[in-house]
Amino acid sequence: MVKDGSIGDAELTGGNFAVSNLGMFCVEHFAALVPPGMAAILAVGAIQDEVVVQDGKIVPASVMRVTLMSDHRVVDGMYAASFLVELKRLLENPEEL
């Protein structure tokens, strides 16, 4: 639909959460604006190989940055933070999905 230009208003309305993925374009991190009428948007960046400290040791790791923007008239910031904590936990433990 999107590729051939036939997407319409019905497909673009009625949601309350959006995901914007620029990682496929090698964008490491970014902030996305919450679309009108939605509660939040998750901006997903590219997975990058980095050096991190884990258990006091320097080790290689694959790192992906995400940014959650939410409309605080709709979503309490504490719930948004809890969502990110749970998302991180699931991404690090995909067998739990």
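1. A residue is called buried when its relative accessible area is under 20%, and exposed when the value is over 50%. The model discussed here is a predicted one. Ser 70 has a relative accessible area of 17%, so Ser 70 counts as buried. Ser 70 lies in strand S3. Leaving out residues up to four places away in sequence, Ser 70 touches Val 34, Ala 39, Ala 40, Val 75 and Ala 80.

2. The sheet comes next. Three strands make up an open sheet, in the order S1-S2-S3, and their pairing is mixed. S1 and strand S3 (57-70) are the edge strands, each pairing on one side only. From one strand to the next, the twist averages 30°. As background, strands of a sheet pair through backbone hydrogen bonds, and the pairing can be parallel or antiparallel. S1 and S2 run parallel and are joined by five bridges. Two of the facing positions can be named: Phe 17 stands opposite Ala 40 in S2, and Val 19 stands opposite Leu 42 in S2.

3. Which residues of S1 point to the buried face, and which to the other? Ala 18 and Ser 20 point to one face and are buried.

4. Val 19 deserves a separate point. Val 19 is part of strand S1 (residues 17-21). Is Val 19 buried or exposed? Val 19 has a relative accessibility of 55%, and because the cut-off for exposed is over 50%, Val 19 counts as exposed. Val 19 and Ser 6 are 13 residues apart in sequence, and their C-alpha atoms are 20 Å apart in space.

5. Now the nonpolar cores. The largest one has seven residues: Ala 39, Ala 40, Leu 42, Val 44, Leu 68, Val 75 and Ala 80. Strand S2 (residues 40-54) gives the most to this core, namely three residues. Another core, of six residues, lies apart from it; Ala 32, Met 38, Ile 41 and Ala 43 are among its members. Ala 80, which belongs to the largest core, is in contact with Leu 68, Ser 70 and Val 75 once neighbours within four places in sequence are left aside.

6. Helix H2 (residues 77-92) lies across S1, S2 and S3, and runs at about 140° to S3. How many residues does H2 have, and what distance does H2 reach from its first C-alpha to its last? H2 has 16 residues and reaches 23 Å, close to the 22 Å expected at 1.5 Å a residue. At the start of H2, a side-chain oxygen of Asp 76 comes to within 2.7 Å of the backbone nitrogen of Met 78. For the student: an α-helix has 3.6 residues a turn, so residues three or four places apart point the same way.

7. Asp 71 sits in the loop between S3 and H2. Its relative accessible area is 17%, which means that Asp 71 is buried. The side chain of Asp 71 makes a polar contact, at 2.7 Å, with the side chain of Arg 73. Neighbours within four places in sequence aside, Asp 71 is also in contact with Val 34, Met 38 and Ala 39.

8. Most residues other than glycine have a negative phi. Cys 26 is in the loop between S1 and S2, and its phi is near 65°, a positive value in a residue other than glycine. Asp 55 is in the loop between S2 and S3, and its phi, near 55°, is likewise positive in a residue other than glycine. Where do these residues stand on exposure? Cys 26 has a relative accessible area of 62% and is therefore exposed. Asp 55, at 78% relative accessibility, counts as exposed too.

Definitions and conventions:
Residues are numbered from 1 along each chain as its sequence is written. This is a predicted model: local features need pLDDT of at least 70, side-chain atom pairs count only at pLDDT 80 or more; totals for chains, interfaces and linings use all residues. Side-chain values use heavy atoms; hydrogens and water are left out. A nonpolar core is a set of buried Ala, Val, Leu, Ile, Met, Phe, Trp, Tyr and Cys residues joined through side-chain atoms within 4.5 Å. Buried means under 20% relative accessible area, exposed over 50%, partly exposed in between (1.4 Å probe, protein chains only). Helices (H or I, at least four residues) and strands (E, at least two) are DSSP runs, numbered from the N terminus. Contact means heavy atoms within 4.5 Å. Two strands pair if DSSP finds at least two bridges between them. Axes are lines fitted to C-alpha atoms, for helices over the stretch in contact, and angles run from 0 to 180 degrees between N-to-C directions. The expected span of a helix is 1.5 Å times one less than its number of residues. A polar contact is a pair of N or O atoms within 3.5 Å; within protein, one must be able to donate a hydrogen and the other to accept it, and residues adjacent in sequence count only if both atoms are side-chain atoms.
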